[in-house]
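Load the model and keep the sequence beside it. We will go from the whole chain down to single side chains.

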Amino acid sequence: LHALLLFPPRRGLQGWRVTRLDLPPIASCLYNGLRRLAHGPGPTYLMKPLLAWVLPMEVPRIVLLDTDTVVIRPIAELWAEFDRFNGALIGLANEQHNLYQKDSGWTLTGKNGGVQLLELRAMRSSFKYLKLLDHYSSGHAKAYIGYLGDQTLYTHMERSAPRLFSQLGCEWNRQISLQFGFANRTVHQCFRRCGILHANYNPLKCAAALMQQDPSCENW
């Protein structure tokens with residue numbers, strides 16, 4: 001397990017590898033451009049597309065989970081999704097509501113940032129990825145990122161460069177929120193056996209915390 005902390009404890013954390021949350025100059029420049037296009041928690045979320053330059057170079061890839069997720073099936077099954085990347089850098093599941101589609105006139109397919117597979121080594125060496133980040137960071141894309149941060153950025157980037165993204169199945173980010181009011185079953189339904197549950201709505205986050213203590217079927 002790896003912990004990113006702005007102020008790491010001097011004695012570290014037992015059982016964890018701790019890295020100071022510190023961006024190198026180029027990544028810091030990109031981040032400063034991106035965060036001015038966001039509000040609320042959005043700037044914090046926008047650290048995630050830059051983790052390749054925060055984590056140690058010897059870390060080649062990671063599975064990144066939001067704190068309001070509950071792992072139901074073995075995480076090794078999700079890790080195996082890296083084998084399907086075929087040159088992609090980032091693995092994401094779609095948003096299970098149609099907010100992005102409606103707001104864009106049905107030109108965007110929303111991505112959710114709660115579960116991410118990041119090919120860090122390939123991200124570090126990809127000129128195309130850096131160029132795309134700069135395109136949005138500089139404002140040339142004329143896209144406001146807003147409250148949802150990284151997932152809105154990914155949604156726009158995926159339209160510009162779809163080959164950089166690998167599609168995760170809905171079962172690996174089973175979102176239980178309908179907070180945006182779009183109860184369209186063709187968007188929200190998922191017939192596959194749940195792998196990760198995502199309580200992406202404040203009134204439901206307590207349920208995620210309880211399930212993290214004991215997610216077994218016997219308990220629920």
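The paragraphs below start with overall dimensions and end with individual contacts.

First, the ground rules. This is a predicted model, in which local features need pLDDT of at least 70 and side-chain atom pairs count only at pLDDT 80 or more, while totals for chains, interfaces and linings use all residues. Residues are numbered from 1 along each chain as its sequence is written, and side-chain values use heavy atoms, with hydrogens and water left out.

Start with the fold. The chain has 9 helices and 9 strands. These are DSSP runs numbered from the N terminus, with helices being H or I of at least four residues and strands being E of at least two. The C-alpha atoms fill a box of roughly 50 × 50 × 35 Å along the principal axes. The radius of gyration is 17 Å, which agrees with the value near 17 Å for a compact globule of 220 residues. That radius is taken over C-alpha atoms, and the globule rule is 2.2 Å times the number of residues to the power 0.38.

Next, surface and packing. Of the 220 residues, 46% count as buried. Buried means under 20% relative accessible area, exposed means over 50%, and partly exposed lies in between (1.4 Å probe, protein chains only). The accessible surface comes to about 12100 Å², and 55% of this surface belongs to carbon and sulfur atoms. Areas come from the Shrake-Rupley method with a 1.4 Å probe; for residues, only the protein chains shown count as cover. Contact means heavy atoms within 4.5 Å. Among contacts between residues at least 6 apart in sequence, 69% join residues at least 24 apart.

Now the aromatic rings. How many aromatic pairs does a search of the whole structure find? The search gives 4. Rings of Phe, Tyr and Trp (its six-membered ring) pair if their centres lie within 6.5 Å; planes under 30 degrees apart count as stacked, over 60 as edge-to-face and the rest as tilted. W53 and Y129 are stacked, at 6.3 Å centre to centre with 5° between the planes. W53 sits in the loop between α2 (42-45) and β3 (62-65) and Y129 in helix α6 (residues 127-137), so this pair ties together parts 76 residues apart in sequence. Y129 is buried at 1% relative accessibility. The rings of Y154 and F165 are edge-to-face, because their planes stand at 75° with centres 6.0 Å apart. Y154 belongs to helix α7 (residues 150-160) and F165 to strand β7 (residues 165-167), 11 residues apart. Y154 is buried at 0% relative accessibility, and F165 is buried at 11%. Elsewhere, ring pairs link W79, F82 and F85 into a cluster.

Stay with α7. Of its 11 residues, 9 are buried, so the helix is largely enclosed by the rest of the structure. M157 lies in this helix and is buried, with a relative accessible area of 0%. Beyond residues up to four places away in sequence, M157 touches Y129, L132, L133, Y136 and F165.

Last, E119. This residue lies in the loop between β6 (111-118) and α5 (120-125). Is E119 buried or exposed? E119 is buried, with a relative accessible area of 12%.
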